[in-house]
Amino acid sequence: MISRRILQLGGAAALALAMSGCALLKSPPPVQLYRFGLPMDAPSTQGDVPAPLTVSIRNIDFPEASGDDRLLGVTGVETAYISGARWVSPASTLFDDSLKAAFAQRSDRIRVLGRREPGTPPLVLQVTVTSFEARYSAPGAAPDVVVTARAQLRTTPERRGGPIRPEDGRSVERVFSVTQPATENRVSAIVAAFDTATRDINSQIADWTVQSAQGGR
């Protein structure tokens, strides 16, 4: 009986010690998930008239430091991830969705060929994002969100006629850059700036693609 009681007390003491140890462990601070560049409904085309242009969008190249689900902040030569916030999906995935949404809004002029869809499109677009970050002029200041991307549009042998130059290597490219100030140094304001900048730059890329394919510059 004595030994059994000692064992019971020992077990209770071990349980109490374990519970006290758990109480000493701090839960990590909650992380809020955000997204940017929400997909926008494409306008319906009357009579289901096929778009005159078809383009294939290659996988977007993204900087390693900002391509995942963390928000990158830059102050001078120092970089750090903004704490307490993450993207709901990798930034490269959300950016890709936003670019496709921009083209969907122009479905009466151009159609994006799905990456698993058969066929060779006459136009191929490659987008390389070189900057996707919140830049601080000083610690604690409201940052500017900077998004920079290089777009290259080229033709495939199946394309017939129509400009895309120069000069006649059958490809054109352009660098796009958007700087969107955050209204304050708060995560929600910084996310809103990322959203606005992404929509802006992808709208510019979609318009430029249509204009280049049709002969404009």
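Two residues are in contact when heavy atoms of theirs lie within 4.5 Å. Keep that in mind as we walk through this structure, which is a predicted model.

Let's start with helix α2, residues 91-104. Now look for the residues of α2 that are buried: they are Ala91, Leu94, Phe95, Asp96, Ser98, Leu99, Ala101, Ala102 and Phe103. What do they pack against? The buried residues of α2 pack against the strands β2, β4 (78-87), β5 (110-112), β6 and β7 (144-155), and against helix α3 as well.

Next, the rings. You'll find eight aromatic pairs in the structure. Take Phe36 and Phe132: their ring centres are 5.2 Å apart and their planes meet at 45 degrees, so this pair counts as tilted. Phe36 sits in the loop between β1 (32-34) and β2 (53-57), while Phe132 belongs to strand β6 (residues 123-136), so the pair ties together parts that are 96 residues apart in sequence. Both Phe36 and Phe132 are buried.

Phe176 and Trp208 make an edge-to-face pair, with 5.8 Å from centre to centre and 75 degrees between the planes. Since Phe176 is in strand β8 (residues 171-181) and Trp208 in helix α3 (residues 187-214), this pair ties together parts 32 residues apart in sequence. Phe176 and Trp208 are both buried, too.

Back to Phe95 of α2: along with Phe36, Phe62, Trp87, Phe132 and Phe194, Phe95 forms one aromatic cluster. Finally, check out Arg70, which lies over the face of Tyr81, 3.9 Å from the ring centre.

Conventions:
Residues numbered from 1 in each chain as written. Predicted model: local features only at pLDDT ≥ 70, side-chain atom pairs only at ≥ 80, totals over all residues. Heavy atoms only, no water. Phe/Tyr/Trp six-rings, centres within 6.5 Å; stacked < 30°, edge-to-face > 60°. Helix = DSSP H or I, 4+ residues; strand = E, 2+ residues; numbered from the N terminus. Buried < 20%, exposed > 50% of the residue type's maximum accessible area, 1.4 Å probe, protein only. Lys NZ or Arg CZ within 6 Å of the ring centre and 35° of its normal.
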